[in-house]
Amino acid sequence: MSPEPEYIRKIIHIDMDAFYASVEQRDNPELRGKPVAVGGSRERGVVAAASYEARKFGIHSAMASSLAFRRCPEIIFVKPNFAKYKAVSRQIRAIFFEYTDLVEPLSLDEAYLDVTENKKGLLTATKIAKEIRQRIWEETELRASAGISINKFLAKVASDINKPNGQKTILPEEAIPFLEELPIGKFYGIGKKTAERMKFLGIHRGKDLKTWTKELLHQEFGKSGEHFYEIVRARQKSKVTPSRARKSLGAETTYSKDIVGEEHLKKALSEIFTIWHKRLELANQAGKTITLKFKDNQFRTYSRSISLEKKSLDREILWQNALHLLLKEEITEPIRLLGLSLSNFNEDKEIKYQQLTLNF
Ligand SMILES: [Mg+2]
């Protein structure tokens, strides 16, 4: 059985393979075939990306460089060159735009493409993905993987399946059985902590998640719980939003010690506010909607939002509203994470869902 037609689009998730490391290996033949870590120095740095040769030693991104060195003493550290990665990123985006205007970048090396209607009139999303990966290879000498399915979530999960240099299509009729068997740890958006909590609650696969009502999931996981409820049923409303600009700009902090009480919360808010406002100023980004997010020590996430009459970047206005969001209802639980974000930068263009017969 396929999901309801209004939930079916043709979505491709493209993900470059070991992006930074591959760019460095491409540009420096001496690095090819060798374990390479792009990132800071051995003493105090962090690995930003690891080549596939390095991954064989258990080295991965976000790992301390010192640990990477212990695991593989012959590892070669390379300083990141973000200007170069950005240039390659522009190159691959230009390729995407030849197929569709509905391109939503996730980072320099990842993007969602909605190819339900594509500019080249190609019949299947599978074929488009193949062609795009080939084009990327020809133009950049870099490899990409792809996931193809009916929504962003499934495409994202799929792109990991035949990585590197591969692709995977999850057909509409395969979506629901696939999700039922999918281990919770593989759900995009379910982090390590949440996955642990789910396993503790007996939720190991999609089919276990499905036995939970929306209300119970909300109770347990807050707003994300409702998202999980829809996702596991292959009902994702989130569209591919062609945002060359970002959709929200935020800052958040996870505390090593829980924060309790209004005074401490206010102090924590003011600290995160300072970081956040600096980011907004640097980006020169005014927005209408302010969102306060917090997580309690039971890993329940809450969010409170307020929308201004018109876009603002004014420090005082944003601070007063952030403070209002914090204080409008007493927070009694110990808090482990606090975050602020600004969104609603401009009006969203609506993408109409159409009921089509789709070939994947
Ligand atoms: Mg990647």
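**Exercise 1. Which residues of H12 and H13 meet, and how do these helices pack?**

Step 1: list the contacts. Leu265, Lys266, Leu269, Phe273 and His277 in H12 meet Arg315, Leu318, Trp319, Ala322, Leu323 and Leu326 in H13. Contact here requires C-beta atoms, placed from the backbone, within 7 Å. The helices (H or I, at least four residues) and strands (E, at least two) are DSSP runs, numbered from the N terminus.

Step 2: sort by class. This contact has eight nonpolar, one polar and two charged residues. Ala, Val, Leu, Ile, Met, Phe, Trp, Tyr, Cys and Pro count as nonpolar, Asp, Glu, Lys and Arg as charged, and the others, Gly among them, as polar.

Step 3: The axes of H12 (residues 262-283) and H13 (residues 315-327) come within 11 Å and cross at roughly 145°. Axes are lines fitted to C-alpha atoms, for helices over the stretch in contact, and angles run from 0 to 180 degrees between N-to-C directions. The crossing is right-handed; a crossing is left-handed if the near helix is turned anticlockwise from the far one by less than a right angle, and right-handed if clockwise.

A word on the model before we go on: this is a predicted model, in which local features need pLDDT of at least 70 and side-chain atom pairs count only at pLDDT 80 or more, while totals for chains, interfaces and linings use all residues. Residues are numbered from 1 along each chain as its sequence is written.

**Exercise 2. Is helix H1 mostly covered or mostly open, and what does it pack against?**

Step 1: check burial. H1 (residues 19-27) is mostly covered, with seven of its nine residues buried. A residue is buried if 20 or more other C-beta atoms lie within 10 Å of its own, exposed if 12 or fewer, and partly exposed in between. The buried ones are Phe19, Tyr20, Ala21, Ser22, Val23, Glu24 and Gln25.

Step 2: name the partners. These buried residues pack against S1 (11-16), S2 (36-39), S3 (47-50), S4 (76-78) and H4 (82-99).

Step 3: examine the sheet. Three strands form an open sheet in the order S3-S2-S4, with mixed pairing. S3 and S4 stand at the edges with a single partner strand each, so one side of each has no neighbour in the sheet. The twist averages 30° from one strand to the next. H1 packs on this sheet, touching S2, S3 and S4, and its direction makes about 115° with that of S2.

Step 4: zoom in on a pair. S2 and S3 run antiparallel and are joined by three bridges; Gly39 has Val47 in S3 as its bridge partner.

**Exercise 3. Why is strand S6 largely enclosed, and with which strands does S6 pair?**

Step 1: count. Four of the five residues of S6 (residues 110-114) are buried, so the rest of the structure largely encloses this strand.

Step 2: follow the pairing. S1 and S6 pair in the antiparallel sense over five bridges, and Ile14 is partnered by Ala111 in S6. S5 (residues 103-107) also pairs with S6 in the antiparallel sense, over four bridges. Ser107 stands opposite Glu110 in S6, and a hairpin joins S5 to S6 through two residues.

**Exercise 4. Is Arg143 buried, partly exposed or exposed, and what is it in contact with?**

Step 1: locate the residue. Arg143 lies in the loop between H5 and S7 (144-149).

Step 2: classify. Arg143 counts as partly exposed because it has 18 C-beta neighbours inside 10 Å.

Step 3: list its contacts. Leaving aside neighbours within four places in sequence, Arg143 is in contact with Asp17, Ser22, Trp137, Pro164 and Asn165.

Key
Two residues are in contact if their C-beta atoms, placed from the backbone, lie within 7 Å. Two strands pair if DSSP finds at least two bridges between them.
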